[in-house]
Amino acid sequence: MTNRNKGILLIILSAFGFSLMTLFVKLSGDVPTLQKTIFRNGVTMIITFFLVIYFKQRLFGKRENQSLLLLRSVFGGVGIVLLFYAIDNLVIADADMLNKMSPFFTILFAAIFLKEHVKPFQLYSIFIAFLGMLFIIKPSFSLDIVPYAAGILSAVFAGAAYTVLRALGSREQFYTIVFYFSGFTTVILLPFVIYIYEPMTLQQTAYLLLGGLFATVGQLGITLAYKLAPPNEISVFNYFTVVFTALLGFTFLSQVPDIYSILGYAIIFGASLYMFLKDKGGEIVPAKLAKK
């Protein structure tokens, strides 16, 4: 299996993890945004700490990579806080749609700063997938611009963070990168969370712990995926998050997708499959087709 195909599988696994994170964060109810964020990153920090120790790697990476590790942590941390703020203050579908603009920014930043070539059919596929998402989400925007600006900026910072991951490449182990990121954001946010902390029920605590656990799955998956393959080849598969979230909503929240949502699923799957088959590097393309 090529690194590209491994990257695709990992980013789909990551999408499932982040979908479960979203479900549990939603179920946790009325908890301050920063409090939810520190649970999400604190659990990830603990899990990846043991991974780094088990594999006998450096907790904080190599000296020559500190600037990139710090940039990834800052961009990622700001992006998560903005996303959680958007989720807390918007219709969750609106917040999710805005954040899923991150592949556009990832491809843009990778082209500008990493000089990676963007093929036209990749842009077409991402654009079509984005249209499919609009069918699913059917956003209802209001005049309150601040939460929407936060949602858009969360995508900008996420795209910047994923571009830095690509720049890091194989210079650091993926669990070291995630530990650095989660540890950095946990330490930075801790004083603020202590100041604004609100007591939670046992159920709310359990939901946020589960949210942190599945966020770790998502974070490890997407970190390793972008180390294995360029963002412009695999980022479109991140749209599977929308499909997984809809299925989880139906299963646990009794939310039934309408005909427009089903059409959106078909468009996203079609765009993803088109891009995968169009790229001749894909292993599932039959040899006869690859020669044409």
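User: How many residues does the protein chain have, and what percentage of them count as buried?
Analyst: This is a predicted model, in which local features need pLDDT of at least 70, side-chain atom pairs count only at pLDDT 80 or more, and totals for chains, interfaces and linings use all residues. Residues are numbered from 1 along each chain as its sequence is written, and side-chain values use heavy atoms, with hydrogens and water left out. Buried means under 20% relative accessible area, exposed over 50%, and partly exposed in between (1.4 Å probe, protein chains only). The protein chain has 292 residues, and the share that counts as buried is 52%.

User: How many helices and how many strands does the protein chain have?
Analyst: Helices (H or I, at least four residues) and strands (E, at least two) are DSSP runs, numbered from the N terminus. Read along the sequence, the pattern is α-α-α-α-α-α-α-α-α-α-α-α-α. The count is 13 helices and 0 strands.

User: What span does helix α2 reach from its first C-alpha to its last?
Analyst: Helix α2 covers residues 33–54, which makes 22 residues. The expected span is 1.5 Å times one less than the number of residues. For α2 the expected value is 32 Å, and the helix comes close to that, reaching 32 Å.

User: Which residue takes a positive phi just after α2?
Analyst: Look just past the end of this helix for a phi of about 55 degrees. The residue there is lysine 56.

User: Is serine 19 buried or exposed?
Analyst: Serine 19 lies in helix α1 (residues 3–27). Its relative accessibility is 1%, so serine 19 counts as buried.

User: Which residue's backbone oxygen does the side chain of serine 19 reach?
Analyst: Contact means heavy atoms within 4.5 Å. Leaving out residues up to four places away in sequence, serine 19 touches Thr241, Phe244, Thr245 and Leu248. The side chain of serine 19 comes to 3.0 Å from the backbone oxygen of threonine 241.

User: Which helix gives the largest share of the lining of the largest cavity?
Analyst: On a 1 Å grid over the protein atoms alone, a cavity is a set of points where a 1.4 Å probe fits but cannot get out, a pocket is an open set with protein on both sides within 12 Å along at least five of seven lines, and lining residues have an atom within 4 Å of a point. The largest cavity has a volume of about 380 Å³, and of the 25 residues that line it, the closest to its centre are Phe18, Arg40, Leu83, Asn99 and Tyr162. The largest share of this lining, 7 residues, comes from α3.

User: Which helix supplies the largest share of the lining of the second largest pocket?
Analyst: This pocket holds about 160 Å³ of space, where a volume is the space filled by probe spheres set on the grid points, joined across faces, edges and corners. Its lining includes Phe75, Phe113 and Leu114, and α3 (66–89), α5 (102–113) and α7 (145–168) each supply at least two residues. The largest share, 6 residues, comes from α7.

User: What distance separates the C-alpha atoms of leucine 114 and arginine 166?
Analyst: Leucine 114 is found in the loop between α5 and α6 (120–137), and with a relative accessible area of 28% it is partly exposed. Among the residues that leucine 114 touches are Phe109 and Arg166. Leucine 114 and arginine 166 are 52 residues apart along the chain, yet their C-alpha atoms are separated by 8.4 Å.

Methods:
A polar contact is a pair of N or O atoms within 3.5 Å; within protein, one must be able to donate a hydrogen and the other to accept it, and residues adjacent in sequence count only if both atoms are side-chain atoms.
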